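Let's take a look at a protein model together. Keep the 3D view open as you read, and try to find each residue as it comes up.

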Amino acid sequence: MTTSVSANRRNARDVKAFQAPANLFANLQKVLVDLIELHLQGKQAHWNVVGTNFRDLHLQLDSLVDVAREASDTIAERMRALNAVPDGRSDTVVASTTVPAAPPGLVHVTDTVAVITTRIYAVVATLRAVHDDVDDADPTTADLLHAIIDDLEKEAWLLKAEIETP
C-alpha cells in the first residue's frame with residue numbers, strides 16, 4: 001500500500017496543471033475591479049435613490065448588486081484556480097476601474113436608472129474588450145465571461161424598462 005501511495009504522489013507531481021499566460025490574469029483583474037466597482041455603485045444607488053417608484057428600483061438594484069457580487073467572486077475564484085492572485089482591495093479598485101464615478105447624494109429614480117445602466121454597460125465593455133484574448137488563452141474562462149455578459153445585459157434591460165415609454 002505504501003508503494004502505491006508514494007507512486008500516486010509522484011504521479012500527481014508529474015501532472016502538469018494548465019499554465020495560463022500572464023495576460024489572462026491581467027484581463028481577469030480588469031474584469032474583477034470593474035465588477036467590484038459596479039457592486040459598490042449599485043449599493044450606493046440602492047441607498048440613495050428617491051422619487052416615484054422608489055421601492056421598485058430600490059429592490060431591483062439589489063438584484064444587480066447580487067449579480068455583480070457573484071460575478072466578481074466567480075472571476076476571483078477562477079483566478080485562484082489558475083494560480084493567480086486577485087486584487088480586490090479598495091485602493092486597487094479605485095486606481096484601476098474603468099467604471100465612471102458614482103454621483104454623490106440623493107439621485108432621482110430616472111437619473112439612477114441612467115447612471116446605473118451606464119455603469120453596467122461600462123463593465124460589459126470591459127468584458128467584451130478582453131473577451132477574445134481570454135478566449136485565446138482559455139476558452140473555459142471565456143465561457144464565464146459569456147455568462148456574466150448575459151446576466152449584466154439582462155439587468156440593464158430590466159432597469160431601462162423602468163423608465164422607457166412605448
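This is a predicted model: local features need pLDDT of at least 70, side-chain atom pairs count only at pLDDT 80 or more; totals for chains, interfaces and linings use all residues.

Zoom in on I120: leaving out residues up to four places away in sequence, I120 touches L38, L64, L152, E155, A156 and L159. As for α2, 20 of its 27 residues are buried, so this helix is largely enclosed by the rest of the structure.

## A buried arginine without a partner

Now find R119, in helix α5. R119 is buried but has no salt bridge. How far away is the nearest side chain of opposite charge? That would be E37, at 7.2 Å.

## Salt bridges

Searching the whole structure turns up six salt bridges. One of them joins the side chains of R78 and D138, 2.7 Å apart from N to O. R78 sits in helix α3 and D138 in the loop between α5 and α6, so the pair ties together parts 60 residues apart in sequence. Both R78 and D138 are buried.

R128 and E153 form a salt bridge too, with their closest N and O atoms 2.7 Å apart. This pair links helix α5 to helix α6, across 25 residues of sequence. R128 is partly exposed, at 48% relative accessibility, and so is E153, at 29%.

Notes. Residues are numbered from 1 along each chain as its sequence is written. Side-chain values use heavy atoms; hydrogens and water are left out. Contact means heavy atoms within 4.5 Å. Helices (H or I, at least four residues) and strands (E, at least two) are DSSP runs, numbered from the N terminus. Buried means under 20% relative accessible area, exposed over 50%, partly exposed in between (1.4 Å probe, protein chains only). Lys and Arg count as positive and Asp and Glu as negative; His and the chain ends are not counted. A salt bridge is a side-chain nitrogen of Lys or Arg within 4 Å of a carboxyl oxygen of Asp or Glu.
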